[in-house]
Amino acid sequence: MIVVVNKTVLTSYGFPSAQFLGLGQMFATIVVLIIGKQLRYVQFPDYSHDVIKKVWPLPLLYLGNLVCGLGGTKELSLPMFTVLRRFSILMTMIAEYYILGVQSTSSVKLSVGAMVGGALLAASNDLAFDAIGYTYILANDFFTAAYGVYIKKKLESKELGKYGIMYYNSLFMILPATMISVCTGDFRKAIGYNGWHDLGFGIQFGLSCIMGFILIYSTILCTSYNSALTTTIVGCLKNIFVTYIGMYIGGDYVFSMVNFVGLNISVLGSIVYSVITFTSSKPAPTSTSLETGSLTNGKPAQVT
């Protein structure tokens, strides 16, 4: 739903700054968590000099993920946005192997191959190809993969907890992101936008900020209970509906049979992975094996 809301704000309403929308989501996260802590609904460590060391490099990855994701949403049609997001799955699988020492099973590799293959087929006949949009989304895939894997690593260390990670990610990056927005002229364009008086736009903008907080929380919560790869694929799976409804939202999708077949192959790969994951009887890997990258019979532990 947040992808649809972001697309509506950035394309349908013509809001000029994806960076400013990202700032709104960061600000909402900080405010919600401060209020939650004051009311004792949530807990996270107070600031200390070693917090930056504990949370790094997550703030940088979070900023890259947020800005590139919103930039890709603005530049690409929703169907191509969602299908190209599936490259983050391949990147996550590779990052899990090298950073966490986790190797996926053959069935998982085949389903991921179907997702990526379908995405390549769709991209090969994208009649609305946009080089800037593709650059944004592939960078977003990289940041998503790295962010997910490092989130898993930080959660296993239990130093900051999920609320601390969310709070300090936004807190440390909101000032640099604001400075970047000011220097690039995005901040001025956003402030001068003529649609601020539009009630419909205001509601959509507010929804985007609040749903950004909910999405971050859901992502971290999912990663704490599953592998980073599962979280990434669930994120792509939830966009199946967006893939099809996005053909009618924004008005920037151009139909071609090859592109449409590629979209459906990629969607099918997502469904197959979900079936493999949620019907597996294997126990989840222990926190020790994830944190230390321990080996089983001389090989990295396998997960689905």
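Me: What makes Leu10, Asp186 and Ala190 contacts of Ser17?

Reply: Contact means heavy atoms within 4.5 Å, and, with neighbours up to four places away in sequence left aside, Ser17 meets that condition with Leu10, Asp186 and Ala190. The model is a predicted one, in which local features need pLDDT of at least 70 and side-chain atom pairs count only at pLDDT 80 or more, while totals for chains, interfaces and linings use all residues. Residues are numbered from 1 along each chain as its sequence is written, and side-chain values use heavy atoms, without hydrogens or water.

Me: Why is Ser17 called buried?

Reply: The relative accessible area of Ser17 is 0%, and buried means under 20% (exposed is over 50%, partly exposed in between, with a 1.4 Å probe and protein chains only), so Ser17 is buried. Ser17 sits in the loop between helix H1 (2-12) and helix H2, helices being DSSP runs of H or I with at least four residues and strands runs of E with at least two, numbered from the N terminus.

Me: How do you know that the side chains of Ser17 and Asp186 make a polar contact?

Reply: Their separation is 3.2 Å, and a polar contact is a pair of N or O atoms within 3.5 Å, one able to donate a hydrogen and the other to accept it within protein, with residues adjacent in sequence counted only if both atoms are side-chain atoms; the pair therefore qualifies. Ser17 and Asp186 are 169 residues apart in sequence, yet their C-alpha atoms are 5.5 Å apart. The side chain of Ser17 also has a polar atom 2.9 Å from the backbone nitrogen of Phe20.

Me: Why is Asp186 not given a salt bridge with Lys189?

Reply: A salt bridge needs a side-chain nitrogen of Lys or Arg within 4 Å of a carboxyl oxygen of Asp or Glu, whereas Lys189, the nearest side chain of opposite charge, is 4.6 Å away, so the buried Asp186 has none. For charge, Lys and Arg count as positive and Asp and Glu as negative, and His and the chain ends are not counted. Asp186 belongs to helix H10 (residues 186-191), and its contacts beyond four places in sequence are Ser17, Ala18, Gln19 and Ser181.

Me: What makes Phe27, Val31, Ile35, Leu39 and Tyr41 a patch?

Reply: Patches take residues with over 30% relative accessible area and no salt bridge, joining like charges within 9 Å and nonpolar side chains (Val, Leu, Ile, Met, Phe, Trp, Tyr) within 5 Å. These five residues make a nonpolar surface patch of about 550 Å², the areas coming from the Shrake-Rupley method with a 1.4 Å probe and, for residues, only the protein chains shown as cover. Leu39, one of the five, has 53% relative accessibility and counts as exposed, and its place is the loop between helix H2 (18-38) and helix H3 (51-55).

Me: Why is Thr29 called buried?

Reply: Thr29 has a relative accessible area of 1%, which puts it under the buried limit. This residue of helix H2 touches Met166, Ser170, Phe213 and Ile216, not counting residues up to four places away, and a polar atom of its side chain lies 2.9 Å from the backbone oxygen of Gln25.
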